[in-house]
Amino acid sequence: MKKSKAPSSRRAEIQHLHQCYALGQTTLPACALLRFLHKEQMELTANEETAEGLIDRYEIEETARENRSMTFEGFLRYMESKDCCVFDRAHASVYQDMDQPLSSYFISSSHNTYLTGDQLVGKSHLDAYVCALRKGCRCLEIDCWDGPDMEPVVYHGYTLTTKILFKDVITTVAQHAFEVSAYPVILSLENHCSQEQQEVMAHHLVSVLGDKLLRTPLAHPTSGDLPSPNDLKYKILIKNKKLKPKTEAEESVDEGEEEEEEEDDEEEEDQQPKAKFWSPRKAGSKMKKEKKKVAVAEVLSNLVVYTKSVKFVSFAHSKDNQHAYENTSMAEKKARKLAKASGADFVLHNQRFLSRIYPAGSRTSSSNYNPQEFWNVGSQLVALNFQSLGFPMDLNDGRFQDNGGCGYVLKPAVLRSDQGSFDPTCSQHGLRPTHLLLKVISGSNLPVPRSGKALDPFVRVELQGIPSDSCRKNTHTVKNNSLSPHWDADMNFTIGVPELCLIRFCARDQTGLLSSEFVGQYTLPFTSLKRGYRWVPLRSRDGCSLDPASLFVFVWYS
């Protein structure tokens, strides 16, 4: 963290710590620094070498370095460095087992990736794909429609959203797919094209993606039926309908994902605002119903290997009939009903199969649901509108900051274990709960609004996990202090399933008796939380660093 000077309250707090361990001396010997690392920071693997390494890294005063000790200024630099961030630096690289089947991971997923605004008149733009990929997104959605001159286009059908060429989308994906992650990208096609233009799509996929496109099953996947992220490094997978083998073809034609989406959209029709003017969405429903179903073109079908879209019927039906390489998609309303009514069955289903959840059709402003409720049942592809900022995307960013930001996070053992049935809706899991103590000590350099008026800040700490673990607590409000507000507020939490839990720190400005405004936030998985005296780097609504704005906290859990 680059700071010219720590605010006076933080400086005083750190000075107090330095004095406690220096025992009256002006510098902190390596052995005293090691005692601090063990006792306060819970760095239990630290040894004398660790302490001396910190002195070499953060102490600039020659005499102190020679004496293997740390002045207060060196200690302050250490306390405000990445070594003392609340996020575990070891989790900033890929550290999880990447040899499990794809169904064992949460996978960062985007809905209507091409949109930069709302679902009715928003702009479709290639930049939206670049932004999503740079955020670590690994499952992109492409809505494909017949375009002029036999070139398929991408846009939100039956609306006034602008159109971009399918060919250009694929070229953009090819350029940026593996910039931030080596792990596979899934292209989820919502395919409304005629057979002729589907053939053009297949041609572009093959010619533009080349070797990156997975076209045949792997000879020896390491993880059984579904390959692992390691097996599929630098590969792009196509998720679409697939023709049944010739023997079955006459009996039935596969249902497609878009028909499923139509059904779910109709189911949610009652949520629509009753418009008195022409509504592109209403027109769309009518036209969709009149549209004749088009079978998938064989050349496109052949490109679908491990991600074949099939219709969800029931958990029992999936258990008896679904193959590991088949996946289902459902709208949030249907998924929510299933999660509430049959949580344990949903968890078991997601151990074997990929399931994609997408926002309700009624969310015409591109708003998002809370992704946590579907991570709780182990759904891998919980798709959000990446262009819509706010709480749900903060949770997504927090979840996928883990494991090096590679877009794949191994699901916790409770969601992968076939021993017993885990139901997130039950609060009793027979696990020993974790007790978390958080002391929100102070803030520094909080960004002031355009008006220039100093903030009346408070901090809200929110836990998102299974329903019985989800809660939030606030500090008191400090009047008129943006530079160095001091709270010293203790918060206690009891967490039943910490492995599923996210923690969100949100600095807010009290603007009225019952009103407040967002200042900055930071979200991270509970499992990435470091103990001891830590600073929390605040981010803006669009996920950008607000450095040097931060919070200073003390974390303890057992």
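Mentor: Start with a cut-off: a residue is called buried under 20% relative accessible area and exposed over 50%. Keep in mind that this is a predicted model.

Trainee: Why is Cys406 called buried?

Mentor: The relative accessibility of Cys406 is 3%. Buried means under 20%, so Cys406 counts as buried.

Trainee: What makes Cys85 buried or exposed?

Mentor: Cys85 has 11% relative accessibility. The limit for buried is under 20%, so Cys85 is buried.

Trainee: How do you know that Cys85 is in no disulfide?

Mentor: A disulfide needs two cysteine sulfur atoms within 2.5 Å. For Cys85, the nearest cysteine sulfur belongs to Cys84 and is 9.2 Å away. By this rule the count of disulfides is zero.

Trainee: Where does Glu80 lie, and is it buried or exposed?

Mentor: Glu80 is in the loop between helix H5 (72–79) and strand S3 (105–107). Its relative accessible area is 8%, and the limit for buried is under 20%, so Glu80 is buried.

Trainee: What makes the pairing of the Glu80 and Arg10 side chains a polar contact?

Mentor: A polar contact requires N or O atoms within 3.5 Å, one able to donate a hydrogen and the other to accept it. The side chains of Glu80 and Arg10 make such a contact at 3.4 Å.

Trainee: Why are helices H2 and H3 called roughly perpendicular?

Mentor: Helix H2 (residues 30–39) and helix H3 (residues 48–58) pack at about 105°, and their axes are 9 Å apart. Angles of 65 to 115 degrees count as roughly perpendicular, therefore the term applies to H2 and H3. On the H2 side the contact is made by Ala30, Leu33, Leu34 and Leu37; on the H3 side, by Glu48, Thr50, Ala51, Glu52, Leu54 and Ile55. Seven of the contact residues are nonpolar, one is polar and two are charged.

Trainee: Why is the phi of Asp149 worth a remark?

Mentor: Most residues other than glycine have a negative phi. Asp149 is not a glycine, yet its phi is positive, near 55°. Asp149 sits in the loop between S5 and S6. With a relative accessible area of 76%, against a limit of over 50%, Asp149 is exposed.

Trainee: What is the phi of Asn480, and what makes Asn480 exposed?

Mentor: Asn480 has a positive phi of about 55° without being a glycine. Its loop runs between strand S17 (471–474) and strand S18 (486–495). The relative accessible area of Asn480 is 56%, and exposed means over 50%, so Asn480 is exposed.

Definitions and conventions: Residues are numbered from 1 along each chain as its sequence is written. This is a predicted model: local features need pLDDT of at least 70, side-chain atom pairs count only at pLDDT 80 or more; totals for chains, interfaces and linings use all residues. Side-chain values use heavy atoms; hydrogens and water are left out. Axes are lines fitted to C-alpha atoms, for helices over the stretch in contact, and angles run from 0 to 180 degrees between N-to-C directions. Helices (H or I, at least four residues) and strands (E, at least two) are DSSP runs, numbered from the N terminus. Angles under 35 degrees count as roughly parallel, over 145 as roughly antiparallel, 65 to 115 as roughly perpendicular and the rest as oblique. Contact means heavy atoms within 4.5 Å. Ala, Val, Leu, Ile, Met, Phe, Trp, Tyr, Cys and Pro count as nonpolar, Asp, Glu, Lys and Arg as charged, and the others, Gly among them, as polar. Buried means under 20% relative accessible area, exposed over 50%, partly exposed in between (1.4 Å probe, protein chains only).
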